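The sequence and structure come first.

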Amino acid sequence: IKQVWEAYKAGKDAVIGQCLVTGETAPIARLHASLKGIKNANPTGASLVGFNAPAYESYNRAKEQGLNAPVSEKATFAYTTALNYLLSPANPNKKIHLGDTTVVYWAESDQPAYASVFAGLFDPEDLAEAEPRRSGAKQANQELADTAQKVGRLQALDASALMQGLDQNVRFYVLGLAPNAARISVRFFITEPFGKIIQRILQHYADLSIEKEYDNQPSFISVWQMLAETVSKKARDQDASPLMAGAVFRAILSGAPYPAALYNAILNRVRADQDDKEKRISKINYVRAATIKAYLIRKFQHQPEHTIQEVLTMSLNEQSTQPAYVLGRLFAVLEKVQQEAVSSGNTSINASIKDRYFTAACAAPASVFPVLLRLAQHHISKKDQSYFDRRIQKILNLLDVETNPIPARLSLDEQGVFILGYYHERQDIYTPRNQ
């Protein structure tokens, strides 16, 4: 009866063909229903499949719109109905907006905890405050509440704790949709066992882990914080590049290296920005250092013998002789020497060596460090800074400038290592020592 009804609805003029989705021979849909609820898309809806000009048509399908990509009426109704539900407020799984991409997700299970754990790992604070939104059995609601609390507290991001009571082999789906004129484009579509997706998200946080600047900073950096650091705080539009945002999200879920665009954007901000407390602008901060570390870890993860690997740690590596890392450490000490000399006198500092020389030192250290070392001796002579004098000498011994001159140029990867060395040394300098 259903088959007769579907054939009747298709009408006598229906085109019969093989459906690209099901493989069945059935009436082909000429028009696909619009999808609503996608950020920045047409409020009245936009189509995922549709052809409205000869330039987009082929195989003699002129003026036949959806017939150019044959999908049966049945499959068309199924996918548009399901997607519109996932995009609607009726769906208890909160949509994720990343740039211009709207992300929906679901599991092959009616247990809501799967989606809650996934969403919570991207926005744990929001999840921790949320109440279970799905009515039903008390046990299901209690499991959802318990899961929300686990993710909200982020108890060492223990996979076994997060997966307690859940089947790691359940299939999980993540779909990213973005507007494209009057159409919808698929930014990414990832389907994996739930356990594998959770492991990749946890690995993402492990790659980002680095010593914090302040105790009140979040232990786990969100995707939104990473992307925000690629945009100037002075820009009118604070949205990150849509393509880059989608690529970062895809890299997290697939375990692939982060896009080079993310790394380059962070380096550009380090070069362009100057510290400004009033505008809350920091040239090198916790999130930027963590992002640089994570990018380099993913890039060199299959090259364990590479010299860069030894410095991609959470805190200072005092034994490393990697030139770019050692130079970054040296710059942090020289900056501290200047600050101590200025604070001891009545003079004020208009621009620190960080403001004037950091970008040049990061890219072309051989032309800058001789000048900085001479300035440091001048600053040390103004105030007894024997501790920092010894520290400078200790770092220079690691560099071994007599046999290995200071590099004239640093590659992009080495510039990231320089920034990490600076960040690690700076954090170590300001860490209180036990008396």
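## Nonpolar cores

The largest nonpolar core has 97 residues, of which Phe 118, Val 174 and Phe 369 touch the most other members. A nonpolar core here is a set of buried Ala, Val, Leu, Ile, Met, Phe, Trp, Tyr and Cys residues joined through side-chain atoms within 4.5 Å; buried means under 20% relative accessible area, exposed over 50% and partly exposed in between, with a 1.4 Å probe and protein chains only. Helix H12 (residues 323–344) supplies the largest share of this core, 10 residues. Helices (H or I, at least four residues) and strands (E, at least two) are DSSP runs numbered from the N terminus. A second, separate core of 11 residues includes Leu 35, Ile 38, Ala 41 and Leu 177. In soluble globular proteins, nonpolar side chains tend to be buried together.

The model is predicted: local features need pLDDT of at least 70 and side-chain atom pairs count only at pLDDT 80 or more, while totals for chains, interfaces and linings use all residues. Residues are numbered from 1 along each chain as its sequence is written, and side-chain values use heavy atoms, with hydrogens and water left out.

Val 174 has contacts (heavy atoms within 4.5 Å) with Val 103, Val 104, Tyr 105, Phe 118, Phe 188, Phe 189, Ile 190, Ile 197, Phe 249 and Leu 253, leaving aside neighbours within four places in sequence.

## The four-stranded sheet

Four strands form an open sheet in the order E3-E4-E5-E6, with antiparallel pairing. E3 (96–98) and E6 are the edge strands, each pairing on one side only. From one strand to the next the twist averages 25 degrees; axes are lines fitted to C-alpha atoms, for helices over the stretch in contact, and angles run from 0 to 180 degrees between N-to-C directions. Two strands count as paired if DSSP finds at least two bridges between them.

E3 and E4 run antiparallel and are joined by three bridges; His 97 stands opposite Thr 102 in E4. The two strands form a hairpin with two residues between them, and Gly 99 in the turn has a positive phi of about 65 degrees. E4 and E5 pair in the antiparallel sense over six bridges, and Ala 107 has Phe 172 in E5 as its bridge partner. Helix H7 (residues 194–208) packs on the sheet, where it touches E5 and E6, and its direction makes about 105 degrees with that of E6.

The pairing of E5 (residues 171–180) with E6 (residues 183–193) is antiparallel, over 10 bridges. Leu 177 stands opposite Val 186 in E6. E5 and E6 also form a hairpin with two residues between them; here Ala 181 in the turn has a positive phi of about 55 degrees.

## Strand E4 and Thr 101

Six of the seven residues of E4 are buried, so this strand is largely enclosed by the rest of the structure. Thr 101 lies in E4 (residues 101–107) and is buried, with a relative accessible area of 1%.

The side chain of Thr 101 makes a polar contact of 3.4 Å with that of Arg 187. A polar contact is a pair of N or O atoms within 3.5 Å; within protein, one must be able to donate a hydrogen and the other to accept it, and residues adjacent in sequence count only if both atoms are side-chain atoms. Not counting residues up to four places away in sequence, Thr 101 touches Ile 96, Gly 176, Leu 177, Ala 178, Arg 187 and Phe 188.

## Aromatic pairs

The whole structure holds 18 aromatic pairs. Rings of Phe, Tyr and Trp (its six-membered ring) pair if their centres lie within 6.5 Å; planes under 30 degrees apart count as stacked, over 60 as edge-to-face and the rest as tilted. Trp 106 and Tyr 173 are stacked, at 5.3 Å centre to centre with 10 degrees between the planes. Trp 106 lies in E4 and Tyr 173 in E5, so the pair ties together parts that are 67 residues apart in sequence. Trp 106 is partly exposed at 25% relative accessibility, whereas Tyr 173 is buried at 16%.

Phe 358 and Tyr 422 form an edge-to-face pair, 5.2 Å centre to centre with 70 degrees between the planes. This pair links distant parts of the chain, with Phe 358 in helix H13 (residues 353–363) and Tyr 422 in helix H16 (residues 412–429), 64 residues apart. Both residues, Phe 358 and Tyr 422, are buried. Elsewhere, ring pairs link Tyr 105, Tyr 114, Phe 118, Phe 172 and Phe 194 into a cluster.
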